[in-house]
Amino acid sequence: MTVLSSRPTNEELADLARQARWKIVETVAASKAGHIGGPLSATDVLIALYFAQLDIDPAAPQDPDRDRFILSKGHSAIGLYSVLALRGYFPVDELATFDHGNSRLQGHPDMLLTPGVDASTGSLGQGLSAGAGMALGAKRLGKDFHTWVMVGDGEIEEGMIWETVLSAPRFGLDNLTLIIDLNGLQQYGWPSEANDRFDRSEPVGHVDLERVFTGFGWNTLTIDGHDFDEIFEAFGRVSADRGVSGLPTVIISRTTKGRGISFTEGTYKWHNGVATEDQLETAHAELLGETGENR
Ligand SMILES: Cc1ncc(C[n+]2csc(CCOP(=O)(O)OP(=O)(O)O)c2C)c(N)n1
Ligand SMILES: [Mg+2]
């Protein structure tokens, strides 16, 4: 179904990711509000999904047989919109309307407004349950499509996530893949005696997620979520497992919050934020400029 004639090279994907990252920071600055760190950590995986993995057609966003993708960490909407625009779901220029009252591109994804958005999200913790429902529905209807869900690492503190982690293997959902964007930061963390403004790092740093998910009966893969070879190795294993283990797969995607721009990388302070003119210049040079670092 996908309209791309062949899979882009890693270099082409990296170039698309840089464009998407620029659109994220530029759009949020123009709208004067929005999230930065979470969208930037997820960009490479989103580009890999939309340009080389998902069986989709931007011209037929409601095709009942399309693969589904749910951005459960809905505050990263601008990251998804940037990738959807580059993939051709709507004009890239429309990103300039982000978060405006009458825009199709709201601050959190709205499946009734935006072509390519498969679930409305933003209240953290709900997307995996919705995805399991889609995967179960596909089984019941005898459809082949695959359902992908991305959650944040802070988001998995939500109890509803674990209800589905418990039940998805029981329903044999090998057509469901969970991606955890493990960027080591959320918005706020545990109170700390050493720092009365909270320790904002490592929301689940004390948890061995591989052991936990394996214990719940999931196939478990851990990757560098900024390395296209590792991303595609994981995607390949998901595809190869369809009809084999009968189990859902979790991809633990190790990433850096704010990835790609020097001043946003690795800090909770850019969970959300609006870049100044000077910062926009720096971001543009680093992402797209000839002399930039091209991270
Ligand atoms: C149920 C719920 N509680 C709180 C929030 C506010 N909130 C938005 S983003 C965020 C932090 C999420 O951290 P993480 O899941 O690690 O996302 P990322 O690091 O990818 O931005 C919080 C608490 C929310 N959107 N939904
Ligand atoms: Mg996080």
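On a 1 Å grid over the protein atoms alone, a pocket is an open set of points with protein on both sides within 12 Å along at least five of seven lines, and a cavity is a set where a 1.4 Å probe fits but cannot get out; lining residues have an atom within 4 Å of a point. Grid points are joined across faces, edges and corners, and a volume is the space filled by probe spheres set on them. The model here is a predicted one, with local features needing pLDDT of at least 70 and side-chain atom pairs counted only at pLDDT 80 or more, while totals for chains, interfaces and linings use all residues. Residues are numbered from 1 along each chain as its sequence is written, chains are lettered from A and ligands numbered from 1 in the order written, and side-chain values use heavy atoms, leaving out hydrogens and water.

The largest pocket comes out at about 250 Å³. Of its 17 lining residues, His75, Leu124, Gly154, Glu155 and Gln186 sit closest to the centre. Strand S4 (residues 185-192) gives the largest share of this lining, 3 residues; strands (E, at least two residues) and helices (H or I, at least four) are DSSP runs, numbered from the N terminus. By class, the lining splits into 2 nonpolar, 9 polar and 6 charged residues, where Ala, Val, Leu, Ile, Met, Phe, Trp, Tyr, Cys and Pro count as nonpolar, Asp, Glu, Lys and Arg as charged, and the others, Gly among them, as polar.

Next is the second largest pocket, with a volume of about 200 Å³. Closest to its centre, out of 14 lining residues, are Leu182, Val204, Gly205, Val207 and Arg254. Its lining has 6 nonpolar, 4 polar and 4 charged residues.

As for the metal, the magnesium ion (ligand 2) is held at 2.1 to 2.2 Å by Asp153 (OD), Asn183 (OD1) and Leu185 (O). Donors are N, O and S atoms within 2.8 Å of the metal (3.2 Å for Na, K and Ca), and water is not among the atoms, so sites may look incomplete. Along the chain, the magnesium donors follow the spacing D-x29-N-x1-L.

Turning to helix packing, H1 (residues 10-31) and H8 (residues 277-287) meet at about 170°, with axes 10 Å apart; axes are lines fitted to C-alpha atoms, for helices over the stretch in contact, and angles run from 0 to 180 degrees between N-to-C directions. H1 and H8 are therefore roughly antiparallel (an angle over 145 degrees). On the H8 side, Leu280, Ala283, His284 and Leu287 make the contact (heavy atoms within 4.5 Å).

Notes
Angles under 35 degrees count as roughly parallel, over 145 as roughly antiparallel, 65 to 115 as roughly perpendicular and the rest as oblique.
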